Amino acid sequence: MVRAMTKATWAVTAIMAVAVAQLACVEGLGVNWGNQASQNLHPRNIVQMLQDNNITKIKLFDADAWVVKHFAGTGIEVMLGIPNLHLASLADRYNHAKAWVKANLTRHIHQGGVDIKYVAVGNEPFLSAYNGSNLQTIFPALWNIQKAINEVGLGNKIKATIPQNADVYDSGTKGPSAGDFRADIRVTMKQIVQFLRDNNAPFVVNIYPFLSLSLNPDFPIEFAFFSGGAQPVQDGSITYNNVLDANLDTLVSALKKAGCGSVPIIVGEIGWPTDGDKYASVELAKKFYDGFFNKIATTKGTPLYKNYIEYYLFGLTDENLKSIAPGDFERHWGIFRYDGQPKFAVDFLGRNTNKMPVAAKNVKYLEKKWCVYVSNGETTDELSANMDYACTNGDCTALKYSSPCSKLSNSSKVSYAFNMFFQMMYQDVESCDFGGLAKIVTKNATVGNCLFPIALDIDWAWSVAADVRFTVVVVLLVLLLLLEL
């Protein structure tokens with residue numbers, strides 16, 4: 001009887017351990033939702049998707065009040081964002097920071113309100129593309145925002161931080177233990193991390209194993225994944241089997257050198273695109289996420305950082321208006337398509353159930369109409385010019401590399417380009433002309449696995465109101481500047 005009880009106890013203990021590990025994974029899992037798309041899902045669809053898929057946190061890239069209010073009473077934790085274009089104003093005048101906090105935080109904080117935990121001040125401000133333009137403003141802006149949060153009595157609940165690109169630190173040709181902040185920004189980075197330490201705020205870093213692979217022809221492919229097939233990297237007595245652990249421990253070493261080893265770490269962006277690059281595909285994205293979720297379900301951290309790490313996936317849905325300067329893949333980071341339909345099976349709990357995520361429900365589309373190419377005796381130059389126009393003003397990033405759409409015939413590729421432009425123009429009849437080379441059809445134009453999408457029937461009140469709100473914010477900031485000059 002004693003032996004039987006002992007086995008039962010062990011069985012219960014094992015079950016509870018698994019449950020706790022899975023629960024910890026769920027509690028620490030978040031997702032980024034960007035809205036750089038011709039049409040966006042309604043926030044109520046986003047709430048439903050997160051709740052149905054056990055994702056409990058969301059990171060936004062702005063603080064639009066109309067969007068944010070939809071997360072009230074949902075149990076979803078929110079990280080608000082402040083775009084880089086506001087840094088100078090917030091750094092220059094403390095009153096601007098106070099006004100921002102009043103407009104974007106305090107209005108949401110009440111019983112049954114929005115659970116706001118972090119404010120992301122700027123986003124990757126030290127990227128080389130910014131040519132150092134944020135170097136003098138990012139720290140004062142962070143300081144002023146946290147001070148304003150403290151002043152309204154929310155300092156213990158809401159922390160300001162800065163999502164950084166992983167290029168703010170490196171280890172040269174050595175291992176993670178040699179990690180330090182870049183020499184050109186080291187002074188400012190030390191100010192920032194010491195401020196985070198003193199305010200019990202986290203260091204948020206965006207890490208992309210995909211980019212390590214895509215941008216470096218000599219990068220070992222398997223080191224970007226978690227399947228154990230990579231040649232290990234040795235750093236003293238520590239062995240690294242994947243780039244994520246090595247990258248995070250490089251940051252840990254940099255924080256320790258700055259006297260801030262106690263600062264908690266959050267991975268603000270991590271993911272894998274499904275199109276737009278030779279390494280971007282549904283198959284590789286699934287491979288990455290399967291290994292990633294199995295890894296974080298263990299809650300073991302890294303060799304140098306044993307604490308649990310919060311992760312925010314990038315991203316929730318595709319964004320067909322994102323800049324493709326870094327690469328065509330920028331428009332294909334979503335685990336879900338533009339309309340909230342999942343692209344591949346994935347288990348956010350790391351249980352290897354291989355089930356499709358729950359899709360967005362009650363999504364409204366425009367009419368079932370497509371714009372397709374019809375030959376009309378045109379010259380090659382005329383056809384090329386019209387396709388270039390459609391691709392420049394629409395989105396043809398899915399027609400390259402090895403995606404299903406890249407295998408279309410030449411005429412079908414033209415139809416794809418014409419239809420994307422047509423749908424992004426909300427099926428405006430005049431957008432399906434192309435000098436008499438296109439027509440509108442009601443038969444589904446999808447070819448094989450290459451989806452010819454239909455535009456979302458968006459809430460125009462949301463779309464128009466968002467434009468109006470942005471204009472009002474800009475005007476108010478200008479007025480504040482003029483009044484204080």
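Reader: What makes C391 and C396 a disulfide?

Author: This is a predicted model, in which local features need pLDDT of at least 70 and side-chain atom pairs count only at pLDDT 80 or more, while totals for chains, interfaces and linings use all residues. Residues are numbered from 1 along each chain as its sequence is written, and side-chain values use heavy atoms, with hydrogens and water left out. A disulfide is a pair of cysteine sulfur atoms within 2.5 Å; the sulfur atoms of C391 and C396 lie 2.1 Å apart, so the pair is called a disulfide.

Reader: Why is the disulfide of C391 and C396 called left-handed?

Author: The torsion about its S-S bond is about -85 degrees, and therefore the disulfide is left-handed, whereas the torsion for C371 and C432 is about 90 degrees, so that disulfide is right-handed.

Reader: How do you know whether C396 is buried or exposed?

Author: Buried means under 20% relative accessible area, exposed over 50%, and partly exposed in between, with a 1.4 Å probe and protein chains only. C396 has a relative accessible area of 10%, so C396 is buried, but C391, at 23%, counts as partly exposed.

Reader: Why is T446 said to have a polar contact with N444?

Author: A polar contact is a pair of N or O atoms within 3.5 Å; within protein, one must be able to donate a hydrogen and the other to accept it, and residues adjacent in sequence count only if both atoms are side-chain atoms. The side chains of T446 and N444 are joined at 2.9 Å, so the distance falls within that limit.
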